[in-house]
Amino acid sequence: MFFCNTKQEANEVALSSSISSDCQVLHGDIAQQQREVTLQSFREGKFHILVCTDVAARGLDIEGVDLVIQSSPPK
């Protein structure tokens, strides 16, 4: 999981050529139904990198996450 402070930063990270084929983004501009689909797909291992904003990720409880990266401290 990769945490960003802003939606724009999350989108930019997710579009990075080194990870774009194996990641999805999660932030406030994503519709709730799509967020649920994205989270379920991440839990099922359909992709391996979840890029999300700090706010969108509050309360997430996902087992089996090996690495969490925070791009900068939350404000």
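Strand E1 (residues 2–4) and strand E4 pair in the parallel sense over 2 bridges, where strands are DSSP runs of E with at least two residues, helices are runs of H or I with at least four residues, and both are numbered from the N terminus, and where two strands are taken to pair if DSSP finds at least two bridges between them. The structure is a predicted model, in which local features need pLDDT of at least 70 and side-chain atom pairs count only at pLDDT 80 or more, whereas totals for chains, interfaces and linings use all residues. Residues are numbered from 1 along each chain as its sequence is written, and side-chain values use heavy atoms, with hydrogens and water left out.

Salt bridges, defined by a side-chain nitrogen of Lys or Arg within 4 Å of a carboxyl oxygen of Asp or Glu, number 2 in the model. In one of them, the side chains of Lys 7 and Asp 29 meet with an N to O distance of 3.1 Å. This pair links distant parts of the chain, 22 residues apart, with Lys 7 in helix H1 (residues 7–14) and Asp 29 in the loop between strand E2 (23–26) and helix H2 (32–43). Lys 7 is partly exposed at 36% relative accessible area, while Asp 29, at 56%, counts as exposed (buried means under 20% relative accessible area, exposed over 50% and partly exposed in between, with a 1.4 Å probe and protein chains only). A salt bridge also joins Lys 46 to Glu 44, with the closest N and O atoms 3.1 Å apart; Lys 46 is exposed at 60%, and Glu 44 is partly exposed at 46%.

The model contains 1 aromatic pair, counted where rings of Phe, Tyr and Trp (its six-membered ring) have centres within 6.5 Å, with planes under 30 degrees apart classed as stacked, over 60 as edge-to-face and the rest as tilted. The ring centres of Phe 42 and Phe 47 lie 5.5 Å apart and their planes are at 35 degrees, so the pair is tilted. Both Phe 42 and Phe 47 are buried.
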